[in-house]
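This report describes the fold of a predicted model.

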Amino acid sequence: MMPLQFILCLIAGALIAPSLAPFDIPYLALAPPALLYLLSYQKNTTQGALLGWAFGLGFFGSGVSWVFVSISEHSQTPLPLAVGLTTLFVAALALLFSVQLYLWKKLFSARMPVLSFIGLWILFEWVRSWLFTGFPWLYLGNASLDTPYQNLLPIGGVWLASSAILITALAIAELIRSRSLLPLLIAPLPLIGCYLLPPLWTEPSENSLSVAIVQPNIAQAIKWNQGYREDILTQYETLTRNHLDAQLVLWPETAIPALFRYAAAPLAELLNDLDSSGTTLISGLPSAIPDSEHPKGYLIHNSLAILTNGSGVYHKQRLVPFGEYVPMEKSIRGLFDFFNLPMSSFSLPTSQQPLLSVGQTKLSAAICYEIAYPELVRTSSSDADMLLTVSNDTWFGRSIAPAQHLQIARVRAVENGRWVIRGTNNGITALINAQGAIVQQLPQFQSGVLRGTAQGMQGQTPYQQYGALPVLLLALILTLIPLGQRRKRDSRERYPNFR
């Protein structure tokens, strides 16, 4: 039976992808945890770990296999090697579910299996937000958008929404397994409770911004080619010229494909005109910071900088392995082209990152997949009027990654009760309101400028105030209660004459 159950777990894990963007079948997110619970319920520890790994293969294989596009199309890595590296990446991530199921079967499933299953799932989602720099992708709570579960996001963040989805999913699983009445009564309770919660915990402030978000649609193949630098800067200037009346013009991640000193002269006239019109230009670009301890004498950062009508710089705090830095660089740099991607030598900042200011409006910044880190965005946005995020999703081609990335930005908007201004190179550029709704967006793979108004918000959501701690404590309690019950049982079996 194990080969069949291995395949069924693989399929169960793969159902996470259609529950999320761009397919958006949110209630399908109930299926993966419910099926994993049912398929592994009567298995031993070893079988549980194997089925957990199979589930992880399907989960990450369907949800993040878009890394193949980055490896294959943008680094000239041979196809067999690209397939091998993608498979290795997915198989390594799948080990997290293997460990999760191993611990569940080894320590917790004998007593109160439902509680411990839910608690461990949430704890492992949290672990994925920081382990080996973190990969906070494919959270169940991301599927809560546009459902009643969404009302939990500003209270306890994405992990509280994941918890509610798990409660419903496991109640359905127990109904199927035990055919008892209690799970039937429990299953709808999270949804009913979510209907009663307020959808918004913040309120509009006096600050708002008229914005012009430039989406140039520049091919990744030419972006870092010096021969195209002047053409790229000219394209940005052309797209920006008709929008000098905006309060904020936003260019995407590394829009200026060189240190600013190489772009200052070609952009001088545009920058002067923007200053004269009182327009703030914020652009992504690499920046060099002197550092006497570094072999080169400076550090290169992936940055966002205010170039006109103000000053301020934000350096990216969560770097993409291999894309922006190479782990164990001395050992593997140069082995093949994938480890030599352009701008794969960025450094982390050494000081706290300030908010960016456009007039009286305070902006919390996030570059690329930093927006996927719930706690990073929470801590930086509590005193901000709105969120600003830029990306270069050209790396992911026509895969599902850009839509997933936009969905994650929507989740951050709801968690923090803030509008999100999102600028990208080739899509999906968008304005997102404080309830996670897309107010305006540009189509992918087209150049253009999105014009709109972003509303500043004031106040803090409960999640901004307390973070993930309450949900993590709840998850810990859900795992410790069954463990305590097991120890009592073992004690009674070992010492039957003592009560």
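## Confidence

Residues 331–336 have a pLDDT that stays under 50; pLDDT is the predictor's confidence in each residue, from 0 to 100. For this stretch the model has 13 contacts beyond four places in sequence, a contact being heavy atoms within 4.5 Å. Where pLDDT is low, the predicted coordinates should not be read in detail. The protein chain averages a pLDDT of 90, and 91% of the residues score at least 70.

The model is predicted, so local features need pLDDT of at least 70 and side-chain atom pairs count only at pLDDT 80 or more, while totals for chains, interfaces and linings use all residues. Residues are numbered from 1 along each chain as its sequence is written, and side-chain values use heavy atoms, with hydrogens and water left out.

## The sheet from E5 to E12

An open sheet with mixed pairing is formed by six strands in the order E5-E4-E3-E2-E1-E12. Helices (H or I, at least four residues) and strands (E, at least two) are DSSP runs numbered from the N terminus; two strands pair if DSSP finds at least two bridges between them. At the edges are strand E5 (313–315) and strand E12 (448–458), each of which pairs on one side only. Neighbouring strands of this sheet are turned by 35° against each other on average, direction ignored; axes are lines fitted to C-alpha atoms, for helices over the stretch in contact, and angles run from 0 to 180 degrees between N-to-C directions.

Strand E3 (residues 280–290) and strand E4 (residues 298–306) run antiparallel and are joined by nine bridges. Ile282 has Ile306 in E4 as its bridge partner. Helix H12 (residues 229–240) packs on the sheet and touches strand E1 (203–215), strand E2 (248–250) and E12, with its direction at about 130° to that of E1.

## The sheet from E6 to E11

A further open sheet of six strands, also of mixed pairing, has the order E6-E7-E8-E9-E10-E11. Strand E6 (356–358) and strand E11 (438–441) each have a single partner strand, so one side of each lacks a neighbour in the sheet. The twist averages 25° from one strand to the next.

Three bridges pair strand E10 (residues 430–432) with E11 in the antiparallel sense, and Leu431 stands opposite Gln440 in E11. Helix H16 (residues 401–416) lies across strand E8 (386–391), strand E9 (420–424), E10 and E11, running at about 160° to E9.

## Arg422

Arg422 is found in strand E9. Its relative accessibility is 1%, so Arg422 counts as buried (under 20% relative accessible area, with exposed over 50% and partly exposed in between; 1.4 Å probe, protein chains only). Beyond its neighbours within four places in sequence, Arg422 is in contact with residues including Ile213, Thr389, Asp393, His405 and Ala430.

The side chains of Arg422 and His405 make a polar contact (3.2 Å). Such a contact is a pair of N or O atoms within 3.5 Å; within protein, one must be able to donate a hydrogen and the other to accept it, and residues adjacent in sequence count only if both atoms are side-chain atoms.
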